[in-house]
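Q: I would like to learn how to read a few features of a protein model. Please show the model and then take them one at a time.

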Amino acid sequence: MNRPEIHCTVAPELRLFVPADRRQGRTALRTDGTSTLGHVVESLGVPLTEVGRLLVDGREVPVSHVPRDGESVEVCAVGRPQEVPGAPLRFLLDVHLGTLARRLRLLGVDAAYESEDIGDPALAARSAAERRVLLSRDRGLLRRRENWAGAYVYSDRPDEQLRDVLGRFAPELAPWTRCTACNGLLEEAEKGTVEERLEGGTRRTYDVFAQCTVCDRVYWHGAHHARLEAVVDAAVREFGGAAAAPGGGTAVPRDGSAAQG
Ligand SMILES: [Zn+2]
């Protein structure tokens, strides 16, 4: 049986996915003669969501290319910022990325999140049905064909995860406009309509409120929560966007805990 030998070079950004003995420069591979290059790259451990251009002997080829004996393959990392055509940019995060989900919402980015583990098939189906970019650190999940789009989250630290996603997709930022608890949009609320939901100190101190249009959670302006503000300020400074909510104030969750975890 003819098993072509190819020579493969993987971009430095993608080498973490590749077995240690294949990380340095060019590596020789034998393929089965019928598998596509996409399959060969995946079998090396690299999720196709992370792959940009594929070059064979310097010429760009699609993932469906079937490698022939003696070809030199170059696997490039996906470009940043990455365009995701076909729908407004929105995300779906797996069960391990709750903190990242709350931080994206804090910045006004549409970030759906399942706090229960609903399983890979259900997550992939939701990504497809709602055209959401699935964010995960699970390579098996990212390989599922049903996913509408996906992206590997490179760090296990929430602040680095946030920079990774903002730098990669450049979503429009609109801080303090989205409910960190449920991803619903906030709207301004009259004090009278939310008053009975507030504790006495808050009721006396603040006058400008916002309320989630989905779960009714109440937020208020002016209650400075240093850690959440630091997250927002750093993100806006580096990645742009509106500096503050309408009215120029700051809305934080009632219990101030929504971006923890
Ligand atoms: Zn809500």
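Q: What percentage of the residues in the protein chain are buried?
A: A residue is buried if 20 or more other C-beta atoms, placed from the backbone, lie within 10 Å of its own. Of the 261 residues in the protein chain, 33% are buried. This is a predicted model: local features need pLDDT of at least 70, side-chain atom pairs count only at pLDDT 80 or more, and totals for chains, interfaces and linings use all residues. Residues are numbered from 1 along each chain as its sequence is written.

Q: What is the order of the strands in the open sheet?
A: Strands of a sheet pair through backbone hydrogen bonds, either parallel or antiparallel. Strands are DSSP runs (E, at least two residues) and helices likewise (H or I, at least four), numbered from the N terminus; two strands pair if DSSP finds at least two bridges between them. Here the open sheet of 5 strands runs β2-β1-β5-β3-β4, with mixed pairing.

Q: Which way do β3 and β4 run, parallel or antiparallel?
A: They run antiparallel, and 3 bridges join β3 (residues 51–56) to β4. V56 has R59 of β4 as its bridge partner.

Q: How do helices α2 and α5 pack?
A: Two packed helices are described by the angle between their axes and the distance between the axes. Axes are lines fitted to C-alpha atoms, for helices over the stretch in contact, and angles run from 0 to 180 degrees between N-to-C directions. Helix α2 (residues 98–106) packs against helix α5 (residues 158–169) at about 55°, with the axes 9 Å apart. That makes α2 oblique to α5, because angles under 35 degrees count as roughly parallel, over 145 as roughly antiparallel, 65 to 115 as roughly perpendicular and the rest as oblique.

Terms used. A residue is buried if 20 or more other C-beta atoms lie within 10 Å of its own, exposed if 12 or fewer, and partly exposed in between; C-beta atoms are placed from the backbone.
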